[in-house]
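I am opening a notebook on a structure that is new to me, and I will write down what I look up, one topic at a time.

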Amino acid sequence: MFYHIRPLRPEDIPAVEAICLHTAAPALQKTARRRESTLLLYNRCYTRTERAFCFVAAEEHDRPVGYILCAPQLARFQRAFSAVEAKALLRLGLRYWVQGRGAFALQKPYEAAYPAHLHIDLLPEAQGQGVGSQLMQTLLQTLRRAGVPGVFLCVGADNARAIAFYEKHGFTVLRRLPGGVCMGRRL
């Protein structure tokens with residue numbers, strides 16, 4: 001199958017949200033509230049505010065099969081998130097709101113060196129074919145051109161495949177947590 005990388009378009013957002021939910025951990029898909037919180041935490045603020053740093057991998061008929069979403073500046077992203085997504089998380093319940101605030105707390109000590117952060121997902125049909133690497137290279141080049149000094153992410157500690165992918169792309173472990181690993185890459 002042929003895949004191409006292109007900027008995210010507004011009409012891609014439903015497909016990107018479907019990919020996010022399809023690839024999320026089972027615990028994040030259990031209920032309607034969990035699915036909504038997953039989209040609010042890992043998807044919607046990027047596609048709402050950071051489209052210049054969001055790309056999709058599309059198949060030959062231009063159907064998205066994966067994406068990489070990025071916010072180049074933590075402080076700006078946090079303000080945008082607090083204005084919309086955090087309020088929606090609070091309506092879902094206090095625990096969802098706390099989870100959203102916790103994600104920013106993990107990056108804050110690394111913000112000067114790694115102000116950007118990303119979220120990447122691929123449908124199983126596109127995995128193992130270099131599509132994730134193409135998405136990552138496109139984003140890293142875009143961040144370099146924008147003068148961003150580094151990028152940060154967190155991944156589940158048990159997700160060995162993702163950790164190996166990030167290490168292959170120059171990310172190093174910054175911090176280990178009981179359930180996760182924080183990684184960064186200088187640009």
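Leu90 sits in helix α4, residues 85-92; helices here are DSSP runs of H or I with at least four residues, strands are runs of E with at least two, and both are numbered from the N terminus. Together with Leu94 and Val98, Leu90 forms a nonpolar patch on the surface with about 280 Å² of accessible area. I note that patches are made of residues with over 30% relative accessible area and no salt bridge, like charges being joined within 9 Å and nonpolar side chains (Val, Leu, Ile, Met, Phe, Trp, Tyr) within 5 Å, and that accessible areas come from the Shrake-Rupley method with a 1.4 Å probe, only the protein chains shown counting as cover for residues.

**Entry on the model.** I must keep in mind that this is a predicted model, in which local features need pLDDT of at least 70 and side-chain atom pairs count only at pLDDT 80 or more, while totals for chains, interfaces and linings use all residues. Residues are numbered from 1 along each chain as its sequence is written, and side-chain values use heavy atoms, with hydrogens and water left out.

**Entry on salt bridges.** How many salt bridges does the structure hold? I read 9 salt bridges, a salt bridge being a side-chain nitrogen of Lys or Arg within 4 Å of a carboxyl oxygen of Asp or Glu.

I began with Arg9 and Asp62, whose side chains meet in a salt bridge at 2.7 Å, N to O. Arg9 lies in the loop between β1 (3-7) and α1 (13-23), and Asp62 in the loop between β2 (54-59) and β3 (64-71), so this pair ties together parts that are 53 residues apart in sequence. Arg9 counts as partly exposed at 32% relative accessibility, and Asp62 is partly exposed too, with a relative accessible area of 25%. I also found that Arg6, Arg9, Asp12 and Asp62 are linked in a network of salt bridges.

Next I turned to Arg44 and Glu17, where the salt bridge has an N to O distance of 2.8 Å. Since Arg44 lies in helix α2 (residues 32-49) and Glu17 in helix α1, the pair ties together parts that are 27 residues apart in sequence. Arg44 is partly exposed at 21% relative accessibility, whereas Glu17 counts as buried at 16%.

The side chains of Arg76 and Glu50 also form a salt bridge, at 2.8 Å from N to O. This pair links distant parts of the chain, with Arg76 in helix α3 (residues 74-83) and Glu50 in the loop between α2 and β2, 26 residues apart. Arg76 is partly exposed at 34% relative accessibility, but Glu50 is buried, with a relative accessible area of 3%.

I traced an open sheet of 7 strands in the order β1-β2-β3-β4-β5-β7-β6, with mixed pairing; two strands pair if DSSP finds at least two bridges between them. Its edge strands are β1 and β6 (172-176), each of which pairs on one side only. β6 pairs with β7 (residues 180-186) in the antiparallel sense over 4 bridges, and I noted that Arg176 has Val181 in β7 as its bridge partner.

Helix α2 lies across β2, β3 and β4, running at about 75° to β3; axes are lines fitted to C-alpha atoms, for helices over the stretch in contact, and angles run from 0 to 180 degrees between N-to-C directions. Which residues of α1 are buried? They are Ile13, Val16, Glu17, Ile19, Cys20 and Leu21, and what covers them includes α2, β2, β3 and β4 (116-122).

**Entry on His169.** Is His169 buried or exposed? His169 is buried, with a relative accessible area of 6%, and is found in the loop between α7 and β6. Leaving aside neighbours within four places in sequence, His169 is in contact (heavy atoms within 4.5 Å) with Ser133, Met136, Gln137, Leu140 and Arg185.

Methods: Buried < 20%, exposed > 50% of the residue type's maximum accessible area, 1.4 Å probe, protein only.
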